[in-house]
Amino acid sequence: MRYKVAIIGAGPGGVILARELARQQIDVTVYEKGEFSQLGHNWSDATELIALNEIGLEMPRLEGTEWKGALVKNTAAGEGLFEKHAIPRLKLYSPGMKSVKEIDFRMITTDRRNLGKTLAQQAEDAGAAIRYRHEGLSLVFSENGTKGLDGVEILGVKVRDLDSGQEEVVNADIVVESSGFQSVLRTSLPLYTGLADPFKDHDFALVHREVRARETSLVQSDIIPDHYRYGFHTGYQWSHIHDEKNIDIGAGVRNDPTNPDPKDLIEEFIAKHPSIKPEKLRGGRSLCIVGRPLMSFVSKGFLVIGDAASTSVPTTGCGAGSAMLTGMWAAEVISEAAAERRNDLEKLWEINKKFYITSDRGPSLAALSALRTALQNLSHDDLDFLFDKNLMDAATLQYAVNGVFKAPDLGTMVKALLGGITRPSVLLKLNKAIGGGTQIYNHYKNYPAAWNPTTYQRWKTRTEELFAKTR
């Protein structure tokens with residue numbers, strides 16, 4: 001009997017995992033509710049260079065402010081993965097545009113639709129099966145009476161053919177959820193597992209983005225830099241130049257009805273720039289998961305990756321990089337598990353270990369999530385002050401935007417104490433945010449290295465205590 005893996009959702013993490021497992025001759029099937037032509041988002045998005053390189057794509061070379069290479073697009077609607085305009089240095093503005101920092105930007109603007117189709121094709125070429133127009137409904141599992149993460153064993157998954165309406169149960173050694181933040185499979189588990197809680201409203205940003213045409217005759221006079229407006233209405237607003245004819249404008253705010261609509265924010269920006277035409281080329285509007293990652297991605301026979309596990313960078317909402325990296329790490333663990341004919345929690349725990357201990361990614365994303373929550377309590381005027389006094393300096397912001405948590409050194413903190421004395425309340429909030437993030441980062445670096453229910457529960461309880469202090 002072949003070892004079988006069923007993956008629900010053809011997101012970047014799911015298809016990377018499928019590709020790598022198929023290359024190891026493991027029986028893997030992906031169930032995707034959309035069609036091949038609909039894979040990925042209908043826009044280009046900043047994606048981490050380190051992740052794109054890790055999955056084996058031919059990376060472009062940087063020449064000035066342009067990317068060159070076989071996978072670079074020649075036209076906005078053309079084939080290829082990468083927009084040719086490069087952003088080696090990104091301007092970060094304070095909310096009131098009163099101060100600006102310039103940082104190294106370790107991402108590349110990637111056509112998400114072309115990326116989705118490319119990775120899916122690679123998975124099929126490797127031998128993975130992808131069944132389009134099939135959605136995952138719920139997990140099939142047995143319970144053993146233990147009230148914890150180890151209280152269930154996943155046996156398979158119920159899926160529905162969207163064309164015929166027919167439902168079937170797919171038996172598998174491992175079921176993987178890569179279906180997005182709705183997490184329909186994970187939330188079908190009993191609450192006592194600690195995996196079933198749905199994400200909360202505060203775990204999301206509401207994002208609206210549009211790719212617009214530009215009037216080339218006005219480009220030289222209407223200068224628009226590639227930038228992020230950091231902390232703008234509890235989120236961010238950006239513009240990315242694709243080429244002289246096209247620009248990507250967007251905004252994201254905390255998912256809260258008291259916040260302005262991000263569409264109104266970008267319309268306000270567009271109204272100030274005569275070079276931006278009314279013509280909308282691509283774009284979309286959606287919730288974006290920016291909360292902390294799941295405390296465990298696994299139970300017996302089950303794995304969660306990508307947005308379903310909330311592994312986006314909280315400061316930017318960029319999630320494809322983490323999903324692809326986790327897909328690669330999961331493939332290593334599942335390949336070993338298949339060779340040993342195992343799917344137990346002790347074996348699959350290695351995925352948690354890779355994310356939270358071997359890699360710095362897990363601790364950084366958790367700490368940045370806490371930092372994001374704390375900084376959202378600051379006003380625009382407070383953030384302008386912190387930018388202007390260099391209490392939020394370029395080095396710290398550079399790490400945060402690129403998905404890495406790094407607390408300021410002692411010298412920076414002393415400078416903060418001296419420079420912030422005119423606004424002690426703001427300084428206290430900043431120190432609380434940085435202190436809370438640092439505590440959480442250090443706590444996650446001590447993630448349980450092996451599955452032990454008592455150790456894990458103790459660690460989990462302390463995690464909740466630390467996050468409660470940051471709110």
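A salt bridge is taken here as a side-chain nitrogen of Lys or Arg within 4 Å of a carboxyl oxygen of Asp or Glu. The model is predicted. By this criterion it holds 32 salt bridges.

K445 belongs to helix α11 (residues 424–445), while D360 sits in the loop between α6 (345–358) and α7 (361–375), so the bridge ties together parts 85 residues apart in sequence. Both partners fall in the middle range of accessibility. K445 is partly exposed, at a relative accessible area of 33%. D360 is partly exposed too, at 28%.

K73 bridges to E83, and their closest N and O atoms are 3.1 Å apart. The two residues are ten residues apart, and each is placed in the loop between β5 (66–68) and β6 (89–93). Buried means under 20% relative accessible area. K73 has a relative accessible area of 3% and is therefore buried. E83, at 4%, is therefore buried as well.

E210 and R212 make a further salt bridge through their side chains, at an N to O distance of 2.7 Å. E210 has a relative accessibility of 4%, so this residue counts as buried. The relative accessible area of R212 is 6%, so R212 is also buried.

Salt bridges also join into a network. The residues linked in this way are E336, E340, R342, D344 and K347.

Note on methods:
Residues numbered from 1 in each chain as written. Predicted model: local features only at pLDDT ≥ 70, side-chain atom pairs only at ≥ 80, totals over all residues. Heavy atoms only, no water. Helix = DSSP H or I, 4+ residues; strand = E, 2+ residues; numbered from the N terminus. Buried < 20%, exposed > 50% of the residue type's maximum accessible area, 1.4 Å probe, protein only.
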